[in-house]
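Please examine the sequence and the three-dimensional structure shown below before reading further. The report may then be followed with both in view.

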Amino acid sequence: MKLKKQVTVCGAAIFCVAVFSLYLMLDRVQHDPTRHQSGGNFPRSQISVLQNRIEQLEQLLEENHEIISHIKDSVLELTAHAEGQPALPRHPLNGSWVLPAESRPSFLSVSPQDCQFALGGKGQSPDLQMLAVYSLLPFDNQDGGVWKQGFDITYEPNEWDTEPLQVFVVPHSHNDPGWIKTFDKYYYDQTQHILNSMLLKMQEDPRRRFIWSEISFFSKWWDNISAQKRAAVRRLVGNGQLEMVTGGWVMPDEANSHYFAMIDQLIEGHQWLEKNIGVTPRSGWAVDPFGYSSTMPYLLKRSNLTAMLIQRVHYTIKKHFAATQNLEFMWRQTWDPDSSTDILCHMMPFYSYDVPHTCGPDPKICCQFDFKRLPGGRINCPWKVPPRAITDANVAERAQLLLDQYRKKSKLYRSKVLLVPLGDDFRYDKPQEWDAQFLNYQRIFDFLNSRPDLHVQAQFGTLSDYFDALYKKVGIVPGMRPPGFPVLTGDFFSYADREDHYWTGYFTSRPFYKSLDRVLESHLRGAEILYSLALAHARRAGADGRYPRSDYALLTNARRNLGLFQHHDAIAGTAKEAVAVDYGVRLLHSLTNLKRVIINAAHYLVLGDKDTYHHNPAAPFLGMDETRSSQDSLPERTVVKLDTSPRFLVVFNPLEQEHLSMVPVLVDTPHVRVLSEEGQPLPSQLSAVWNSATDVVPDVYQVSVLARLPALGLRVLQLHKSLDGHATPRASTRLYLHGRDVPVRQPEAVPLQVFPAAAEDFCLENQHLQACFLGRTGLLQSLRQAGEQQVHRVSSEFLVYGTRTSKDKSGAYLFLPDGEAKPYTPRDPPVVRVMEGPLFSEVSSYYQHVQTVVRLYNVPGVEGLSLDVSCLVDIRDHINKELALRFSTDIGSDDTFFTDLNGFQIQARRYQRKLPLQANFYPMPAMAYIQDVQSRLTLLTAQALGVSSLHSGQLEVILDRRLMQDDNRGLGQGLKDNKRTWNRFRLLLERRSTANKVQDERPISFPSLLSHITSVHLNAEALVMPVALEKPALPALRSFVPLAITLPCDFHILNLRTLQAEDDSLPSAEAALILHRKGFDCSLEAKNLGFNCTTSQGKLSLGGLFQGLELGSLQPTSLTLMYPLGTASNSTNIHLEPMEIATFRIRLG
């Protein structure tokens, strides 16, 4: 008590000093004559006086901000010592639970400069803004003749007289790491033969060229070839014959992949290339992803690539860009105030990346120059005119025919340098094909190059050969903007390849695996960080010999399996059923291994006496939080068995912010108390665990504990069986059977009331929110924020889309609905279960195909500021149906909504009435929101799904799709392998305080800090690991607090990734620290986030970041560590601009 008084007195004293200082500063502003002279040479007009006043105010705000920061630091120091446990909830007479106020104050202090970024307005407008381009185009799909989706191209024969046409034919083979066959089957059947032939055939003629992009396949082949062959590969790469393009583990899907995994697979590929071949990729190659995100050019640019290529873009956009010679552009980030994110992008103009659609506009002619299709082979030309082998007799005529196509294609671009890809899926797998293509083309090139009157120089080239020649032709350094080339911002979703065939189905296809992907991703990040910290601490203590460094091989394997799943037929959900199973087995295998890595690291880090550490793989020190019996089953949580001895739990917080968290634990008795490691009781709630709507799991209870978890740290908790009066508060449950005759199994020890009819409408509330529900459906109807009179309509409903009756139907890729969605009409009315308790309350509604749970946390901080919404979906008895969840609100959002790209940035969207319904769906890997001047409603998600806003005030998401037929894109199957799938969301309603129409017209938008942090909470849940041993044999355990300082809350530690040693199964002493500074919008009124949230204009000192560890070295590098940036200095202070991701090579110990 005495300490509390001291804190109060000190706080008051500091506050008085601050107020007095402010008064003095104001006084100085009014009387300081020098301040009045700061107008310089401006006329003493009212504008300049006003300008002065504004500058003075800004300065005052700054100084005031600094003073308040000092006050906060002082109060923090004082309260840190006074911290008690969160107080226990009490149950007053009126029946609703009240949580006492938090014993620790927490601050939200955002520096005014940090709010400027979201206001934007500094940079110049781009020449091409994709949202505006969409509004401009008619999308009329007119017949363009031989180039069906384009137009007739003409040229004058003498156009190249002064500047000859330079043609680069780029041989390539597109290898999918899993699609129709599994990764391994493709490798054994095709890929190894392609690479073996490549090695043989490229050495026959130094003029030959080839490009390769998928390192997953290349590394597998490398492991199986001799040292002599490896040396030959290095020679081919060294002399420019073979180029590694992009260099990622895969060519990732850009719609559903999260930026952590996109970066991770890029690092994995680049590190492999550097270590084994000593090469750094220069150009990006993405011919097959189904639409393109603007996140990818940012990642490539920050990895030091200077140019990139894309292909699958809406045919109307291609036609428009071709007509305006804008197929090559500088792609810039929407939020970039200057041009630091610009990268040159080449868009291919025609329908496909195969040979018939790459030499020029007429596929009937181009197909005649695909020499794999020579008569007698297994494939032919659909246009009925076969290729002819090139001979002295026909070379003049054949070369002229091909040159005509080259010239026409070149008219679509600004320069006289032309790129002509030559390849297709899994091409060049036999020596005969190499001969057919290379020998015939070389004869054509020799003829063209020997005829000066044709004004053309043709040759084989790599992708970078083309870009280098382009840069040379315009006379500038690679990476700079060629004169006259347009600047473009925005992205290329959603994609249609013909007619109204929009590839928007794959945004949801196979949601079970999309969800498993994110579970593995959050485990990988957690395992990387804990492993790196444990290894550094063990090294510092000289105990690294006893630490299981072999866990590093498990990390590598998990990186590669997660990387493999980012492939554009894997996470997309567009592979054959057996291939999806193969991916699932790999994901589950790595998930289990990562849990082992986390357990081993946590074991070492929580030991009070590290000398007692002993790693025993046969008997792990900690148990797993949950297990999965097979790759397609839902997780089963571990039940902790309690006896007379206390059981201990170790809870891992994967977030870089300390926070109050609700930690759920399953136990085998209702008589349980939860204590901190010091023995203080913690607030908790006991509830029943349900098998179904009316059937309780016998002898299993959930105890939910409110515990403060250290940032990236481990907290030790105790579970005691309590037979005395100190019972954990129990949640009470009401079950509404809605007239259905179903047996109910009563839980023991937890109160339950059963009502045979439906409920009346009802509400749940905490200190921030009131959520009201329809009694007969159990579905959300409205939200009201604390302190507000206004009730917002936020009603949820389930809907069903059918598919067309015509020949073209929805499939794994395409969404071709039979019109607007119809209301979901289940066979029986739902059973509704309402549970109310001190720490959280929830409403569960059980329908035939979906169970929905809406939970409201009654806790201080982030968890209590939004609604937790989960849907357990099972549509295995549906035929050609897609299940959607729609929220309808009174927000006046008109035709605008916002979706994220890869969890990295936000893209504004506009509902286009001129386009079909399916064209208006977009990927939602992390969030989508709608807003008007007063409010913003954000739906945050833990898995990628398709989303749209079809009417003002609406937001809808496709939960699952079951389709009985192929959609004619090569897969040859429908989507019939649906699983029971949990889809997890958070629904966040925020008040906008300073929004205005002008700002909202701009295509740039950012989440609030609260929204960012809520998203991270949803995607990185705390892991609860029971200690296997019981009390007597247990060594002393201590919570592990790794961070010595509080990170600014706009900083995110994306990864702390230990780098490999020379032996790639072992760790080196270095790690990659990857930081992301998030861009955020200050106009959304911030609540108390439950932790001390401050921003620092992007400054951070890494020197004192990790408690008990020294930063031995710090080297800023390019994103994938291939290039050092600047010289390594002794300073450990860094600075990041908003939105930037930065990588540092560090040594901890």
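Predicted model: local features only at pLDDT ≥ 70, side-chain atom pairs only at ≥ 80, totals over all residues.

Residues are numbered from 1 along each chain as its sequence is written, and side-chain values use heavy atoms, with hydrogens and water left out.

Helices (H or I, at least four residues) and strands (E, at least two) are DSSP runs, numbered from the N terminus. Two strands pair if DSSP finds at least two bridges between them. A residue is called buried under 20% relative accessible area, exposed over 50%, and partly exposed in between (1.4 Å probe, protein chains only).

Strand β25 covers residues 769-773, and five of its five residues are buried. L769, A771 and F773 point one way from β25, while Q770 and C772 point the other way.

Strand β24 (residues 762-765) pairs with β25 in the antiparallel sense over four bridges. In this pairing, C763 stands opposite C772. The two strands β24 and β25 form a hairpin, with three residues between them.

Strand β26 (residues 780-785) also pairs with β25 in the antiparallel sense, over five bridges. Here L769 stands opposite Q785 of β26. Six residues lie between β25 and β26 in their hairpin, and G778 in the turn has a positive phi of about 75°.

## A sheet of four strands

An open sheet contains four strands in the order β15-β17-β20-β19, with mixed pairing. The edges are held by β15 (639-640) and β19 (684-690), each of which has a single partner strand, so one side of each is left without a neighbour in the sheet. β15 pairs with β17 (residues 659-667) in the parallel sense over two bridges, and V639 stands opposite L666 of β17.

## Helix α16

How far apart are the end C-alpha atoms of α16? They are 44 Å apart, which agrees with the 44 Å that the 30 residues of α16 should span at 1.5 Å a residue. The expected span of a helix is 1.5 Å times one less than its number of residues. Of the 30 residues of α16, 26 are buried, so the helix is largely enclosed by the rest of the structure. Just after α16, G542 takes a positive phi of about 70°.

Most residues other than glycine have a negative phi, and most peptide bonds are trans. F426 has a positive phi near 50° and is placed in the loop between β10 (417-425) and α14 (431-449). F426 counts as buried at 7% relative accessibility. H455 has a positive phi near 55° and is found in the loop between α14 and β11 (456-460). With a relative accessible area of 24%, H455 is partly exposed. A cis peptide bond, with omega of about 0°, joins F493 and S494. S494 lies in the loop between β12 (487-489) and α16 (511-540).

A salt bridge is a side-chain nitrogen of Lys or Arg within 4 Å of a carboxyl oxygen of Asp or Glu. The structure holds 58 salt bridges, including the following.

| Pair | Closest N to O distance |
|---|---|
| R207 and D205 | 3.1 Å |
| D1081 and R936 | 3.4 Å |

K148 is exposed at 55% relative accessibility, and D143 is exposed at 58%. R207 is partly exposed at 42%, whereas D205 is buried at 14%. D1081 lies in the loop between β44 (1067-1077) and β45 (1093-1094) and R936 in strand β38 (residues 935-941), so the pair ties together parts that are 145 residues apart in sequence. D1081 is buried at 8%, and R936 is buried at 1%.

A network of salt bridges links D370, K372, R373, R427, D429, K430 and E433. R427 lies in the loop between β10 and α14 and counts as buried at 3% relative accessibility. The side chain of R427 makes a polar contact with the side chain of D370 at 2.7 Å. A polar contact is a pair of N or O atoms within 3.5 Å; within protein, one must be able to donate a hydrogen and the other to accept it, and residues adjacent in sequence count only if both atoms are side-chain atoms.
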